[in-house]
Amino acid sequence: MQTTGEQVLAVPARAVSRPARLGRGALAAAFSTFVALASHVLAGGAMPGLLGVLVPLVFATSASIALAGLRRSWLRLSVSVALSQLLFHTLFVVGAASSATVAVVGGAGPHAGHGVDPVVLTVGSAAGSATHAGHAGHGGLWMMLAHAAAAALTVVTLRRGEVVL
């Protein structure tokens with residue numbers, strides 16, 4: 001489908017081979033994930049663990065390969081990238097909270113619990129608890145501006161990359 005002017009919706013820019021689509025999609029996904037992660041950490045977000053980076057990268061790769069070779073309008077590309085930044089942020093926060101820790105607080109006493117101080121067992125994520133507790137603090141204006149800058153850089157780079165390729 002195509003309309004006149006800038007409103008090119010979902011028209012293949014030119015015939016793109018499957019290996020080229022895979023390469024373009026993987027490159028776009030790696031770039032957008034890196035830019036989103038860098039902006040997230042620079043704005044004060046916790047660095048996610050390996051799984052917290054790989055899951056968003058897999059999602060981004062799947063979407064990017066599916067969309068590789070399609071020319072999008074500035075508006076559609078901008079909305080898509082803005083939504084992906086929201087998803088990146090969410091997955092990075094969850095990914096930073098994924099490493100489980102166990103803390104035992106209390107005194108050691110005789111066997112069978114007689115004469116023992118209360119013991120509190122906490123299972124969770126030390127980093128995740130700090131991340132969620134501080135999320136309101138770093139999830140404010142700086143985080144929003146950082147992801148907006150990442151989105152703008154991603155949109156311009158993807159659009160220019162489409163034109164070049």
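Visitor: Which residues make the nonpolar surface patch of about 370 Å²?

Guide: The model shown is a predicted one. In the nonpolar patch, the largest share, three residues, comes from α2. The patch covers about 370 Å² and is made by Leu-51, Val-55, Phe-59 and Leu-87.

Visitor: Is Val-55 buried, partly exposed or exposed?

Guide: Val-55 has its place in helix α2 and is a member of the nonpolar surface patch. Buried means under 20% relative accessible area and exposed means over 50%. Val-55 has a relative accessible area of 32%, so the class of this residue is partly exposed.

Visitor: How many helices and strands does the chain have, and in what order do the elements run?

Guide: The secondary structure comes to five helices and four strands. Read from the N terminus on, the order of the elements is β-α-α-β-α-β-β-α-α.

Visitor: What percentage of the contacts with a separation of 6 or more is accounted for by residues 24 or more positions apart?

Guide: The chain has 165 residues, and buried residues make up 27% of them. Among the contacts with a separation of 6 or more, the part that joins residues 24 or more positions apart is 79%.

Visitor: Which residues make up the largest nonpolar core, and which element gives the largest share?

Guide: The core has seven residues in all: Ala-29, Ala-36, Leu-37, Val-53, Ala-60, Phe-88 and Phe-92. Two or more residues are given to this core by each of α1, α2 and α3. The largest share, three residues, comes from α1.

Visitor: The search of the whole structure finds one aromatic pair; which rings form the pair, and are they stacked or edge-to-face?

Guide: One aromatic pair is found in the whole structure. The rings belong to Phe-88 and Phe-92, with their centres 5.8 Å apart and their planes at 15°. Planes under 30 degrees apart count as stacked. The pair of Phe-88 and Phe-92 is therefore stacked.

Visitor: What separates Phe-88 and Phe-92 along helix α3?

Guide: Helix α3 spans residues 74-96 and holds both Phe-88 and Phe-92. Because these two residues are four residues apart in α3, their separation is about one helical turn.

Visitor: Are Phe-88 and Phe-92 buried or exposed?

Guide: Phe-88 has a relative accessible area of 4%, and Phe-92 has 0% relative accessibility. Leaving out residues up to four places away in sequence, Phe-88 touches Ser-32, Thr-33, Ala-36, Pro-56 and Ala-60. Since buried means under 20% relative accessible area, Phe-88 and Phe-92 both count as buried.

Visitor: Where is Gly-49, and how far is its C-alpha from that of Phe-92?

Guide: Gly-49 is in the loop between α1 (18-42) and α2 (50-67). Gly-49 is partly exposed, with a relative accessible area of 32%, and touches Gly-95 and Ala-96, not counting residues up to four places away in sequence. Gly-49 and Phe-92 are 43 residues apart in sequence, while their C-alpha to C-alpha distance is 8.6 Å.

Visitor: Which residues does His-147 touch, not counting residues up to four places away in sequence?

Guide: His-147 is found in helix α5 (residues 141-164). With a relative accessible area of 7%, His-147 is buried. The residues in contact with His-147 are Ala-36, Ser-39, His-40, Gln-85 and His-89.

Visitor: What distance separates the C-alpha atoms of Val-155 and Leu-77?

Guide: Val-155 lies in helix α5 and is buried, with a relative accessible area of 7%. Apart from neighbours within four places in sequence, Val-155 is in contact with Trp-74, Leu-77, Ser-78 and Val-81. Val-155 and Leu-77 are 78 residues apart along the chain, and their C-alpha atoms are separated by 6.6 Å.

Visitor: Is Met-144 buried or exposed?

Guide: Met-144 lies in helix α5. Met-144 and Ala-43 are 101 residues apart in sequence and 8.6 Å apart in space, C-alpha to C-alpha. Exposed means over 50% relative accessible area. Met-144 has a relative accessible area of 57%, so this residue is exposed.

Definitions and conventions. Residues numbered from 1 in each chain as written. Predicted model: local features only at pLDDT ≥ 70, side-chain atom pairs only at ≥ 80, totals over all residues. Heavy atoms only, no water. Buried < 20%, exposed > 50% of the residue type's maximum accessible area, 1.4 Å probe, protein only. Contact = heavy atoms within 4.5 Å. Phe/Tyr/Trp six-rings, centres within 6.5 Å; stacked < 30°, edge-to-face > 60°. Core = buried A, V, L, I, M, F, W, Y, C linked by side-chain atoms within 4.5 Å. Patch = residues over 30% accessible without salt bridge, like charges linked within 9 Å, V, L, I, M, F, W, Y side chains within 5 Å. Areas by Shrake-Rupley, 256 points an atom, 1.4 Å probe, with all protein chains shown as cover. Salt bridge = Lys/Arg side-chain N within 4 Å of Asp/Glu carboxyl O.
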